[in-house]
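Please read them alongside the model.

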Amino acid sequence: MEYMPNFQLHRPESAAEAVKLHSENTAALYVAGGTDMIVNVRRGIEQPENLIDLSAVTELKAITEDKEGLHIGAGVTLKEVSGNEHIVSNYQAVAEAAAAVAGITHQQYGTLGGNLCLDTRCLFYNQSEWWRQSNDYCLKARGETCHVASGGKRCFAAFSGDVAPSLLVYQAEVDLVGPEGTRRIPLAEMYQNDGLDHLTLKPGELLTVIHLPKALAGCPSRYEKARIRGSIDYPLAGAAVRLEMADGNVKDLAIALTGVNPYPQIVKGTDDYAGDALDEESLDKLRDNVRKQAKPMKTTTVAPWYRRRVIGALARRLTAELAG
Amino acid sequence: MNEIKPTKTIGVPTPLVDGPEKVAGKAQYSADFMPSDCLIGRIFRSPVAHAEIIDVDISAAQALPGVKAVITGDETDEAYGILPIARFEYPLAREKVRYKGEPVACVAAIDVETAQKAIDLIKFKYKELPSYTTAQEAMAEGVVNIHDNRERNIEREVDYDLGEVDEGFEAADLIMEETFNCTEIAQAQMEPHAAIAEYDPTRDFMTVHASTQVPYYGHLMLAKILKMEESQIRMIKPFVGGGFGCRTECLNVELICALVARAAGGTVRIVVSREESFITHRGRPETDVEIKIGLTKDGMITAVDFKAIQRGGAYSGYGIVTILYAGGMMFGLYDLPAVRYKGFRVLTNTPPCGAMRGHGVTNVRYAFESLLDKMADELGIDTLEIRRKNLLQGPKYETLNEMFINSYGLPECLDWVEKASDWKKRKGKMGPYKGLGIACGHYPSGASKPVNWSGEPHATVHLKLDWDGSITLLTGAPEIGQGSTTMATQCAAEVLGVDMSRFQSLTSDSKFTPKDNGSYSSRVTYMVGNASIDAATNLKNILIEAAAKKLEVKPEDVECLGEVYRAGTQDEGLTFNEVVKEALVGTGTITAKGNFDTLPESWGTKKYRGGAISGSMAYAYAAQVVEVSIDPETFEITVEKVWAAQDVGKALNPLAVEGQIEGSVWMGMGQAISEGTEYVNGLGITNSMLDYKVPTIIESPPIEVGIIESVDPHGPFGAKEAGETSLVSFIPAFVSAVTDALGVRPLDLPVTPDRLMELVENSTSNKEAAE
Amino acid sequence: MSEKRNKTLLHCTVNGKERDDVVKDNLLLADYLREEIGLTGTKIGCDGGECGCCTVLIDGVPQHACLRLAATCQEAEIETIEALAEQNRLSALQRGFHEKLGTQCGFCTPGMIMAAEGMLRENPNPSEDEIRQGLAANLCRCTGYVKIIEAVQFAIDELGSKGKAA
């Protein structure tokens, strides 16, 4: 028998009910697929008194399309995302990213919403209770110090979700349902550069829908991640690139990164390439620009400098491939 | 009338006799036994790497309702360990803790929540001592000794030379030396360690099921630490989910389980977590190898001088054997006229290492093969050809350390990989970022001298034949998925000429099966196979006697055709069952026994202390070609294809032999490309299947296996080792291929993309600086 | 004694048999199957979702039983390795793993076979690459995966020659 901490499970059937349960119960947490959350509960990283399971909320499991664009429920599984024909043909990087998460089994019950709200990760944090206790805990959970940057008062745990960058390059927006109602914000605003608290969600807010704009549908894009193994692993570094060319020159370029910062980050300065032809020199400049903005720390067993090098190489390669 | 023939079993691809249970989900592993009255055991582990124990306060834990027993190091003052000369590990720490995660106390409670709550109530007071996580730190001047009797934490220093080493180097045209670091490797067997111990206070009797490769050694250690008569213990090995050496010595899990079961007066199950399985460890030690080779300009080896330093962890385990293997197994692959070896086995404040697959041999062989490869390039000799030049002049050959080599299929292995990989056409012509590499390896077929010298044979098999004509094979040899029970059955069936369906088997239950030393060092096929042949031969003789009596002829006139025994071709003969009936007259159920013992000539050399280590009845040989491609931007390496030839003497079960070779090649690949443990302040940070990078199916290559059969004169039907040798040869062949692809040679393992990128960039910038 | 536990009345189908069980809210599906029902074919090889040994089918989809709470399997149809043999006759996949030696120690085998079963139900004729993708969340430490791929291909051929889907 595996040791599990005690908690009360709730299985709401609507988003509104879920939000209500969250506000009515102490120390409540949402769980969607559970591929990450249940691991964290088993390790004592999360210690909920109430766990609000979203698997019965059917309204979060739909993909719909209208004149505005595509709307993906947060409860849609990653496998549905990667296999959805509309997403594959119009938002290719999103499908590629969903197919790159962990392994195939995780994709079959892990959800898009869960991947976007994934906790940041660090070697010193994603360990057992005994381990963290033996290491005096850390800044991110119950401790005073950061073991990555000793003496540091900032947490550098890395955002490690695969799908967020691909949605960011398509300027996705999200619906957040909370005790005070529903709001719609750009996905980029759901994150902030803080490993301790990288989500800007208000207490009890639930991510319900991801909107992909029609205006960018069909715009070519790619996602690639570096990892040690061909499956199961989180990204050491991942890049999504969306590139529209016109008459051999860049019309619109967007790049976003994962695994190299506490939040999924949109690369700044890509507007500067508008109107340029992408030659070797400008691609090298692009690569160097990406490297400068990525700030991986020693949160994985692989050296940070390598992750910075690779993120530049991936962004450069994908851009060159998309440029044709 | 159809011609009656004995059934052939040897050499026939044969699915495992215990396969159906595994695929049906019916196979029961240690964690699957859960009687209703079973208590749950949980272990309190040290949060500190090196400390004096001041107090372990268990009073609050004991007072918790539902807790049936809490034990500490006070429970037993008997130490355990695999080697009689190095037993100083306690199931629960006494006086000192020596690595983070070392068991300090154990709770048995009615359920897991209660057990965990009790663990949380234990108060551990200690005085911290300096701790050492590298061999260099632990060996430095002025260190605190981790064990009183091991000065400067050196568990064993080995120092010898054989042949004229200095003269050898003087005669060399090219001398090169290199230093290699090989990261610590874990077995990461799929089944976490588990034990269930049932103590019967009425009879003062202990029954233990445990995930082990060595139930006999476990039995011995249980008796020692429990201070019970050996006859009052029953040790059972159920299905085991992989070994690879992590269970080749008795582990603290089964010992603690038995101690706490006796304290609780009942049945306790301990199933440790994956993290705890990593902490229990017994993996391959981190090894630094410095090696120097002398070659003539024709590529002939004139001398080898090498040094190995192993970070052994906090307790000895097999450590002394490991450091001796690292030296002794330099011999026997190539013709070496002179060798000097210096080895240090060092104690550190990390989890204890053990006898992992390719025990002692792997890292040193990697270093040797890599340097030889580099020197061949320097001399402009093809890397396959340089190995041919240095072959033993076999098969009857004696090495400087008196190895007993009677079969040597390495030349044929080289021929096979050369042809299969199209070596001549492709080597050196693969194009940028693609490469081919080659290397060889060898491994013993069991150590000829047992760990515990008792004067008993190395292996014993019983065959029980009863009135129904069924034969039950009883063997203590632990089936751990390698197919040993199938192999032993095949050997007996072949001798008797009957179909394997006549057989049932019972393995590794001390109540029924004869003692066996265990599944390690590739001993089982050679030793238990021979014992099975011996038992079947004895049984066959009994049946021939019975048939002769019934047919009223002399035994030498009886022809055994498996299902028919007859006195001449015109004779209709007797069926097997008729012979059995006759054989049982006046004696009843028959048990035929077979033994195997090693020949004293194979016991190794007396030229240096510890020369028995690496003495074996036979050695298996392997040559391997590996093809890689490398991403020029991310330096991710893809192993495109592997051609693996191994001289297994005789493939008794070609299906299982292929499986063993494929598995070995692949496990070598893990060590070469991605695996390795890491510690921060003595705390393992790779203790999960996420952070310890066992390769997935995605990056695992196609492997083409070439089975070479040199037919060893003493092996069972000529067979020898099949499950370790090809691991050893993969790693240097892979690094050779990476070097072919990039023009720079990685030295340290694993060859991860970040290390490779650094290496290439340093080499490029060095070149630029030189220009 | 442990404190009072939150519990749920679970109604589900396990290997074709309807069940009503009171389960603790924090009970993992893997423990429900192994310890409450006694279906020990499902193995636990890691501390959560990393090895694939506990893979079972939930409504036909491979999932990790070690990361799923039993109480969330309300009205679900759960299939474990014990469900595949019909009247003790091994399924084509099980025979493939046995006859082609896709199993050595056997500990990853139940999860591996269930992942393969889920894959073949969705795609009865996968390419070698698709087989690799379909089994990519399942680790094996014995075989190097070579014979696992052959085992699945054996089953594909068997099922194909019978002209019916898995």
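1. A polar contact here is a pair of N or O atoms within 3.5 Å; within protein, one must be able to donate a hydrogen and the other to accept it, and residues adjacent in sequence count only if both atoms are side-chain atoms. By that rule, chain B and chain C share 25 residue pairs in polar contact (both at pLDDT 80 or more).

2. This is a predicted model, in which local features need pLDDT of at least 70 and side-chain atom pairs count only at pLDDT 80 or more, while totals for chains, interfaces and linings use all residues. Residues are numbered from 1 along each chain as its sequence is written, chains are lettered from A in the order in which they are written, and side-chain values use heavy atoms, with hydrogens and water left out.

3. Between chain B and chain C, 63 residues of chain B and 51 residues of chain C are in contact (heavy atoms within 4.5 Å). The two bury about 4,400 Å², taken as the accessible area (1.4 Å probe) lost on being put together, summed over both. V23(B), M190(B) and I697(B) lose the most area on the chain B side, together 20% of what that side buries.

4. Seven salt bridges (a side-chain nitrogen of Lys or Arg within 4 Å of a carboxyl oxygen of Asp or Glu) link chain B and chain C. One of them joins E658(B) to K147(C), at 2.6 Å, N to O.

5. For chain A and chain B, the buried area is about 3,100 Å², with 59% from carbon and sulfur atoms. Y3(A), W130(A) and R229(A) supply 22% of the area that chain A buries there. The count of salt bridges is four, including R317(A) with E633(B) at 2.8 Å between the closest N and O atoms.
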